[in-house]
Amino acid sequence: MTSVFEKGTYVLCSSHGVCRIDEITKMDLFQSGEERVYYVLSQVDHGTSRFYIPVDNQKIRMRALLSEEEAKLLIKRIPEIEKLWISNEKEREQAYKAALQTCDCEETVKIIKTLYGRKQLRLENGKKITAVDMKYLRLAEQQLYGELAVVFSMERSKVEKYLAEYMEEEKRAAEW
């Protein structure tokens, strides 16, 4: 079994966010008598957490991080990316969950835009953001901002400000 990624590669993992591949090793993790090849991952935000993902795993999606050019194009396209408007609460949560599992940045942006809009609307009506919305907003931001932080070699805490400043510049440029 050959692995798709190499040791030291940063990946986006659907279940763990942005991770670095620390090792690729053969082991019999469940003592079944059969060795499998595993990626040994550590989360970028939580360096002490290590995860073992079989190279041939079909359930957990992993992909290489965007290149800097791809990330810049994504950011440029953010104003064009549509929100997800699903009125049924349970269907909405399932849509958020499914979108995050794809590891698709545009889907993650849709979630963030949707939940920012819902949050603003609720605050304007004197209500708090729901626990479900807060959970998925946090997960989506963690996924997107974590990836952009690694791609642009910046602290994760500065990514949101970077995006806000970029959007403000684009807005001013459009007004010219």
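**View 1. Buried residues of helix H2.** Arg92, Tyr96, Ala99 and Leu100 are the buried residues of H2 (buried: under 20% relative accessible area; exposed: over 50%; partly exposed in between; 1.4 Å probe, protein chains only). Down the helix axis, these residues fall within an arc of 95°, so they line one face of H2. The arc is taken from the directions from the helix axis to the C-beta atoms. An α-helix has 3.6 residues a turn, so residues three or four places apart point the same way. The cover over the buried residues of H2 includes H3 and H4. Helices are DSSP runs (H or I, at least four residues), numbered from the N terminus. This is a predicted model: local features need pLDDT of at least 70, side-chain atom pairs count only at pLDDT 80 or more, and totals for chains, interfaces and linings use all residues. Residues are numbered from 1 along each chain as its sequence is written, and side-chain values use heavy atoms, with hydrogens and water left out.

**View 2. The two ends of H2.** Asn88 caps the N-terminal end of H2, with a side-chain oxygen 2.9 Å from the backbone nitrogen of Lys90. After H2 comes Cys103, with a positive phi near 60°. Cys103 sits in the loop between H2 and H3. At 3% relative accessibility, Cys103 is buried.

**View 3. Ser153 in the loop between H4 and H5.** Ser153 lies in this loop. Its phi is near 50°, a positive value in a residue other than glycine. Most residues other than glycine have a negative phi. Ser153 is exposed, with a relative accessible area of 70%.

**View 4. Arg118 in helix H3.** Arg118 belongs to H3. Its relative accessible area is 13%, so Arg118 counts as buried. Leaving out residues up to four places away in sequence, Arg118 touches Trp85, Glu89, Arg92, Tyr96, Thr130 and Asp133 (contact: heavy atoms within 4.5 Å).

**View 5. The largest nonpolar core.** This core has 32 residues; Leu74, Ile75, Ile111, Leu144, Leu148 and Leu163 touch the most other members. A nonpolar core is a set of buried Ala, Val, Leu, Ile, Met, Phe, Trp, Tyr and Cys residues joined through side-chain atoms within 4.5 Å. H1 (68-77), H2 (89-101), H3 (105-124), H4 (131-151) and H5 (156-175) each supply at least two residues. H4 gives the largest share, eight residues.

**View 6. Contacts of Leu74.** Neighbours within four places in sequence aside, Leu74 contacts Leu66, Ile81, Cys105, Glu106, Val109 and Leu144. A second, separate core of 12 residues includes Phe5, Val11, Ile21 and Ile53.

Conventions:
Polar contact = N/O pair within 3.5 Å; in protein donor to acceptor, adjacent residues only side chain to side chain.
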